[in-house]
Amino acid sequence: MPAREPDPRDVLVLPAPPPDAVVRYGPHADHVADVRLPSRGPGPLVVVIHGGFWRAEYDRAHTGHLAAALADLGYAVAQLEYRRTGADAEGGWPATFEDVVAGVGALPALVAAAADALGRPAPTAGPPIVVGHSAGGHLALWYAAHAPSDAVPGGVLALAPVADLVEAHRLDLDGGAVEALLGGDPTARSAAYAAADPLPSISLRLPTVILHGTTDAQVPIDLSRRFVAAAGTVDSQITLLELPEVGHFELIDPRSAAWGKVTEALRSLRR
């Protein structure tokens with residue numbers, strides 16, 4: 001009888017190994033990133049943007065296992081924190097998005113400085129790869145479409161992204177998560193929805209891979225299918241890989257059978 005896979009939701013609560021350093025990219029308490037460095041030799045920098053439907057109750061901690069596993073594979077990893085939505089939180093449009101731009105832009109230098117302070121090799125030269133899961137997948141795709149010209153990533157890996165905000169609002173994902181992010185519905189806040197749309201308006205000439213499980217109950221795969229169908233009209237370098245019988249959290253769980261597909265997709269982005 002085959003062994004049962006571990007419950008992938010465990011990654012939300014199981015403590016991960018501590019980071020090698022925590023760096024700060026701005027003045028707010030959430031303007032930080034956990035840094036993990038490979039044990040041997042320099043590797044490329046991967047910036048991880050966590051999910052949790054942009055809500056304050058979820059932070060970067062639940063991507064710690066993913067980050068530690070990537071560091072073991074030779075990547076330098078920075079888990080970006082950002083302002084999120086909720087009671088007494090200061091995220092939403094535009095603060096959350098401003099943080100992503102500021103954080104991804106600052107992290108290459110910050111991680112190099114942290115590595116130097118620890119006597120470890122700095123990440124290899126070149127733009128970082130951006131990896132995002134769920135709401136973080138939306139932010140990764142959005143960043144690629146809106147990145148400043150001097151901070152374009154080297155590639156994007158979006159894991160089960162909330163890639164269509166209007167459809168996510170219609171489906172009422174996580175009980176009003178999109179409305180909380182953008183301050184209203186698509187009619188009342190049409191400008192915010194347009195500005196937060198992750199669809200590229202021109203070809204990014206940037207390798208982009210989306211992984212999405214067909215049995216994802218938190219973020220239906222149709223959102224990624226809709227995104228790729230629309231994005232493909234302007235950018236042929238966006239690829240969707242559908243994973244049969246895979247749910248939402250397996251993609252950030254290094255113990256899962258789907259993890260090999262994640263690392264394979266990440267390796268494909270190294271140019």
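Predicted model: local features only at pLDDT ≥ 70, side-chain atom pairs only at ≥ 80, totals over all residues.
Mentor: Just after α1, Gly74 takes a positive phi of about 110°.

Trainee: What makes α1 count as largely enclosed by the rest of the structure?

Mentor: A residue is called buried when its relative accessible area is under 20%. In α1 this holds for 8 of the 9 residues, so the helix is largely enclosed by the rest of the structure. The buried ones are Gly64, His65, Leu66, Ala67, Ala68, Ala69, Leu70 and Ala71, and what covers them includes β2, β3, β4 (76-80), β6 and α8.

Trainee: How do you know on which side of α8 its buried residues lie?

Mentor: The buried residues of α8, which spans 259-268, are Trp259, Val262, Thr263, Ala265 and Leu266. They cover an arc of only 160° around the axis, and therefore they sit on the same side of the helix. These residues pack against β3 (45-49), α1 (64-72), β5, β6 (155-159) and β7 (208-213).

Trainee: Why are β1 and β8 described as standing at the edges of the sheet?

Mentor: The open sheet has 8 strands in the order β1-β2-β4-β3-β5-β6-β7-β8, with mixed pairing. β1 (21-24) and β8 (238-243) each have a single partner strand, so one side of each is left without a neighbour in the sheet, and that is what places them at the edges. Neighbouring strands of this sheet are turned by 20° against each other on average, when direction is ignored.

Trainee: Which pairings show that the sheet is mixed?

Mentor: Two strands pair if there are at least two bridges between them. β1 and β2 (residues 32-36) meet that condition with 4 bridges and run in the antiparallel sense; within this pair, Arg24 has Val32 of β2 as its bridge partner. β6 and β7 also meet it with 4 bridges, but they run parallel, and Leu159 is partnered there by Leu211 in β7. With both senses represented, the pairing is called mixed. α8 packs on this sheet, touching β3, β5, β6, β7 and β8, and its direction makes about 170° with that of β7.

Trainee: What makes β3 a mostly covered strand?

Mentor: In β3, 5 of its 5 residues are buried. Leu45, Val47 and Ile49 point one way while Val46 and Val48 point the other way, and all are buried. β3 is joined to β4 by 5 bridges in a parallel arrangement, in which Ile49 stands opposite Leu80. For β1, by contrast, Ala21 and Val23 form a covered face, and Val22 and Arg24 an uncovered one.

Trainee: Why does Ser134 count as buried?

Mentor: Its relative accessibility is 2%, which lies under the 20% limit, and therefore Ser134 counts as buried. Ser134 is found in the loop between β5 (129-133) and α3 (135-146).

Trainee: How do you know that the side chains of Ser134 and His248 make a polar contact?

Mentor: A polar contact needs N or O atoms within 3.5 Å, one able to donate a hydrogen and the other to accept it. The side chains of Ser134 and His248 come to 3.1 Å, and this pair is counted as a polar contact. Beyond four places in sequence, Ser134 touches Gly51, Leu159, Ala160, Pro161, Val162, Val219 and His248.

Trainee: Why is Arg55 called buried?

Mentor: Its value of 15% relative accessibility is under the 20% limit, and so Arg55 is classed as buried. Arg55 lies in the loop between β3 and α1, and a polar atom of its side chain lies 2.6 Å from the backbone oxygen of Asp174.

Trainee: Why does Asp235 count as buried?

Mentor: At 1% relative accessibility, Asp235 falls under the 20% limit and therefore counts as buried. Asp235 is placed in the loop between α7 (222-231) and β8, where, beyond four places in sequence, it touches Pro200, Ile202, Ser203, Leu204 and Arg205.

Trainee: Which residues touch the most other members of the largest nonpolar core?

Mentor: In that core of 55 residues, they are Trp54 and Leu182. Apart from it lies another core, of 27 residues, with Val48, Val77, Leu157 and Val262 among them.

Methods
Residues numbered from 1 in each chain as written. Heavy atoms only, no water. Helix = DSSP H or I, 4+ residues; strand = E, 2+ residues; numbered from the N terminus. Buried < 20%, exposed > 50% of the residue type's maximum accessible area, 1.4 Å probe, protein only. Contact = heavy atoms within 4.5 Å. Arc of directions from axis to C-beta. Core = buried A, V, L, I, M, F, W, Y, C linked by side-chain atoms within 4.5 Å. Axes fitted to C-alpha atoms, helices over the stretch in contact; angles between N-to-C directions.
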